[in-house]
Protein chains: 2
Amino acid sequence: MAYQALTEESVVGYVKGRPALENIFPPDCNVAVKEVGDGNVNLVFIVENRDDAQHSVVLKQALPYLRVAGESWPLTRERMRFETQALLTYNELAPGLAPKVYDHDNEMSLVVMEHLRDFEIMRKPLVARKRFPRFIDHISTFMARTLFFTSDLYLTRVEIKALQEKYVHAQLNKIQEDFVFTNPYMESPENTWNPEIDAEVKAVRKNRELKLALVEMKEAYITHKQALIHSDLHTGSVMLNQERTCVIDPEFAFFGPIGFDVGAMLENLILNFLSHYAHTLDRKERSSYQQYLLELVRGVWNEFAGKFDGLWVEHNCGDLVQSAYWQFPGGDKAFAEYRRRYILGLLQDTAGCGGAKMLRRMMGIVSVWDMTSIKDLKERAIAERPAIRIGSRWLLERRQITGIDDLIGIVEEETREVEAS
Amino acid sequence: MAYQALTEESVVGYVKGRPALENIFPPDCNVAVKEVGDGNVNLVFIVENRDDAQHSVVLKQALPYLRVAGESWPLTRERMRFETQALLTYNELAPGLAPKVYDHDNEMSLVVMEHLRDFEIMRKPLVARKRFPRFIDHISTFMARTLFFTSDLYLTRVEIKALQEKYVHAQLNKIQEDFVFTNPYMESPENTWNPEIDAEVKAVRKNRELKLALVEMKEAYITHKQALIHSDLHTGSVMLNQERTCVIDPEFAFFGPIGFDVGAMLENLILNFLSHYAHTLDRKERSSYQQYLLELVRGVWNEFAGKFDGLWVEHNCGDLVQSAYWQFPGGDKAFAEYRRRYILGLLQDTAGCGGAKMLRRMMGIVSVWDMTSIKDLKERAIAERPAIRIGSRWLLERRQITGIDDLIGIVEEETREVEAS
């Protein structure tokens, strides 16, 4: 079927015509359709079999353009193919931790997947101080499994090259490359920032050491093909409830540094932490929730690191190092030391990437809802100023980081004066 | 034409039937053919138009197997396509510094190229203490141009991904990956070494810090896609005379770390340096030539670094950093500092890769002719022992290296006792 944007009307005929969906939408069933997307980039339909309340799906279709900051840019619809194949990979490697794919159609640039009913996009409940007891376990499992099983630690070189060939999309990658690592820190028309922090933003843009660090991180992001990363793994890409956690929207997935994913997750938790200076005025309540967020940061890293290491010990079958290489007196300990150094490198990349991403949210094309929902710009600035300081230090001090408590320590140091005020 | 291995007889009809060669081999000319390859991997024919002494070419055809160490491994003929496209890239980026390609035929897995008459493979004249006054200039230009112009410093992301897609050959890469970075340092049936240095070889294989460093370098070699590297740039891949220098045999070319090429070149000059403890018994003569070799090492690095930096300043059009990024007070100096750090990183990679390659030549699948031509094993050991010490130190001290004199200093320190004996 040649590409055409679906409508609430045409979706009905479309889903009934798909063999893969025939159990969900038998020919004579009643179908209800509702478009719920924001219409910027994709159409998102919730499609329900009215005769059977269990049966509803989400149909997501790419539009051939991207509308951001009032401008319309052409954008290849091919991104839906990347999103679909990444979701299929997640279904295989981390079942239950991403929406299940029921059907996909590359011609039509669409995917039909599990309807995550009663899930919330994580950003909003975090602002509302909700707690998710299974989040640490779920997200750390998701990251450990999807990243380890697509790395040279597990796959053979032939397997990894075959997988890499499926994820070459220079145009999409370039959006992330430039919007995270360079454009926010120079004159670029799409940048926006809170005028209250204008001085701090301008200081970043002429801070030589920061700019050197940012371009070093960009070089690594572009050239270090470590594993299949999600590449946009912030709290807006997580849907969850008390029982389940699902990662969505992997259209930027490509081979890059593992720390970029972990850094995105931790950095977004920190931005949420800071946003509570405006969202939660009761000191005790704020402090309690902020402590909870720091526990999430610590827990996500520690469980990720432990699970990643555990998978490595259990499935050491990649072409990078054969076990025969470690067969010498003390070889087991040397292998453990290599894993320790590798995972420490992931933490340092996490600091560098997370720091860069924290900065870009303060001065680039798009901030985060945690911050933009603070309407008073002076109050928003109180939350944003430490983000600039923390992001800068994560970035500049990344090579001295030896454990997650170093990253948390920087957060605590840079918020002390906010606490005192 | 379906693949068939050519013979001295069938080559005549083949070249006369190729439109691209019709000026060199007109229909009625007399053609003389001689097969000069070693028959291990490729057929190599010198094909001459007897009516016109100016007109001779080399026709190189891949055989579908690799014969090394008595064993026959199947090997994809596709490698000739990689070699051909790399040679074409070199013809474009560094004209005159690789044999000119006249014709190629991917079906037949062959390339027809300039016959480098009156050139020598560099290894042999270096053993004979010949000097090449233009070598530093030529090889540094070759490396600077082929590496810079295929990196993210010059190309856009879309261009670089298109180029990368042409160089995906997991099977060939894996040969280099394993034979340089892991197999030599563990039990592996293809390894050979001089029994006189058995103790030193076994010490390397159980040296924990060395093995950790080697696998770190392997990880970078596999995952760091910095530029299109030759990936086998030793003195056996250089043909030269007093006027010209040509790089040959780029069948392993792929996207990897720049320091791997530079390291291969410098390391082979050092191995030649060491081989003169056996080849050149006259102390004065040896010392003079060894000094010359160290000047080559220093000159190749310094000129490479200077030319690479110069190209960067002149053609700063890659997607990695736009010049607008450096537009702030002191931005010019910051850009210069970024280049300095980047190029220092190349030198540290050069040390690590060169050190690994020096070690593998002492205990892996194949040594270098400079060493194997020393028939007395005790004498050969005198040359080889410092190679193990120097290779180990280049590798272990790579992150402390700040200039080429550090690498040369290690060579001088580790040969002091040989000098004294």
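Trainee: Which residue in S3(B) is the bridge partner of Phe45(B)?

Mentor: That's Leu59(B). Keep in mind that this is a predicted model.

Trainee: OK, and how do S2(B) and S3(B) pair, parallel or antiparallel?

Mentor: Antiparallel, over seven bridges, with S2 covering residues 42-49 of chain B. The two strands form a hairpin, and six residues lie between them.

Trainee: What does Leu59(B) stand opposite in S7(B)?

Mentor: Val112(B). S7 is residues 110-114 of chain B, and its pairing with S3(B) is antiparallel too, over five bridges.

Trainee: So is S3(B) buried or exposed?

Mentor: Buried. Seven of the seven residues in S3(B), residues 56-62, are buried, so the strand is largely enclosed by the rest of the structure.

Trainee: Which residues point which way from S3(B)?

Mentor: Ser56(B), Val58(B), Lys60(B) and Ala62(B) point one way. Val57(B), Leu59(B) and Gln61(B) point the other way, and all of these residues are buried.

Trainee: Switching topic: what rotation superposes chain A on chain B?

Mentor: One of 180°, with 0.0 Å of shift along the axis and an RMSD of 0.0 Å. The two copies are thus related as by a two-fold rotation axis.

Trainee: And how much of chain A's set of contact residues recurs in chain B?

Mentor: 100%, so to speak the same surface serves both copies.

Trainee: Which residue of chain A comes closest to the rotation axis?

Mentor: His224(A), with its C-alpha at 2.4 Å.

Note on methods
Residues numbered from 1 in each chain as written. Chains lettered and ligands numbered in written order. Predicted model: local features only at pLDDT ≥ 70, side-chain atom pairs only at ≥ 80, totals over all residues. Heavy atoms only, no water. Least-squares fit on C-alpha atoms with pLDDT ≥ 70 in both. Contact = heavy atoms within 4.5 Å. Buried < 20%, exposed > 50% of the residue type's maximum accessible area, 1.4 Å probe, protein only. Helix = DSSP H or I, 4+ residues; strand = E, 2+ residues; numbered from the N terminus. Pairing = 2+ DSSP bridges.
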